[in-house]
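Take a walk through this fold with the sequence beside you. Start with the overall plan, then look at single places.

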Amino acid sequence: MFERFTKAARAVVKGAAEYAERGGAAVVTEEHLLLALLDREDTRAAEALRGLCPPDRRPSLLAALAEARRRAGLSRADAEALAGLGIDVGAVVARVEEVHGAGALAGDRKDTGWRSGRRSFSREAKAVLEKSLRVALARKDREIGDEHLLLALTATGGVVAEVLADHGVTYAAVEGAVSSPAV
């Protein structure tokens with residue numbers, strides 16, 4: 001599959017692995033893929049992100065990702081489902097942080113089992129990579145570009161898709177942005 005990735009898409013995957021390494025994460029996650037996409041310039045995905053979530057709104061997006069990480073990666077839908085069972089996620093997070101320190105549920109544990117020379121990808125990050133292939137095929141594109149990775153991030157659900165949608169970056173909006181001719 002990676003042979004179909006454009007140079008820009010490969011750079012995103014490499015950048016995601018670098019984010020994971022710098023952060024001491026055991027695996028590359030969807031969040032790392034998004035952070036690497038946000039670093040890109042002069043690509044279709046970068047242009048779409050710049051139009052849909054201008055740089056002045058990026059701190060809000062990054063803060064929302066950090067808050068979700070603090071909640072152990074639970075989406076609002078997850079938190080609402082737990083609330084329906086009588087579990088207050090905010091109270092659980094507060095109690096755990098009171099005992100174990102701020103960010104205890106963030107999952108930012110240092111790498112413990114990485115030995116192959118490459119970071120492995122989380123199940124969710126792998127799903128994004130696979131979805132990018134399906135998106136490219138559905139659009140009848142011959143290569144997988146960084147725009148396909150962005151589209152896949154918005155389509156796979158979960159915290160990253162939720163945070164992107166909250167900032168106006170939805171599948172439909174990205175599709176419209178990358179389908180329109182460059183100006």
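The protein has 10 helices and 2 strands. Both come from DSSP runs, numbered from the N terminus: helices are H or I with at least four residues, strands are E with at least two. Along the sequence the order reads α-β-α-α-α-α-α-β-α-α-α-α.

This is a predicted model, in which local features need pLDDT of at least 70, side-chain atom pairs count only at pLDDT 80 or more, and totals for chains, interfaces and linings use all residues. Residues are numbered from 1 along each chain as its sequence is written, and side-chain values use heavy atoms, with hydrogens and water left out.

Now consider the whole chain. It holds 183 residues, and 38% of them count as buried. Buried means under 20% relative accessible area, exposed means over 50%, and partly exposed lies in between (1.4 Å probe, protein chains only). The protein exposes about 10200 Å², with 53% supplied by carbon and sulfur atoms. Such areas come from the Shrake-Rupley method with a 1.4 Å probe; for residues, only the protein chains shown count as cover. Next, look at contacts (heavy atoms within 4.5 Å). Of those with a separation of 6 or more, 66% join residues 24 or more positions apart.

Which residues of helix α9 are buried? In this helix, residues 158-166, they are V159, V160, A161, E162, V163 and L164. They pack against α2 (30-39), α4 (58-70), α5 and α8 (146-155). After α9 comes G168, with a positive phi near 85°.

Two other residues also have a positive phi. D42 is not a glycine, yet its phi is about 60°. D42 sits in the loop between α2 and α3 (44-52). It is exposed, at 73% relative accessibility. K140, again not a glycine, has a positive phi of about 60°. Its loop runs between α7 (123-138) and α8. K140 is exposed too, with a relative accessible area of 72%.

Turn to the surface. L85, I87 and V92 make a nonpolar patch of about 280 Å². L85 belongs to the loop between α5 (76-84) and α6 (89-100). Its relative accessible area is 67%, so L85 is exposed.

Finish with the rings. Where does the charged end of R22 sit? It lies over the ring of Y19, 4.5 Å from the ring's centre. The test asks for NZ of Lys or CZ of Arg within 6 Å of the ring centre and within 35 degrees of the ring normal.

Definitions and conventions
Patches are made of residues with over 30% relative accessible area and no salt bridge: like charges are joined within 9 Å, nonpolar side chains (Val, Leu, Ile, Met, Phe, Trp, Tyr) within 5 Å. A salt bridge is a side-chain nitrogen of Lys or Arg within 4 Å of a carboxyl oxygen of Asp or Glu.
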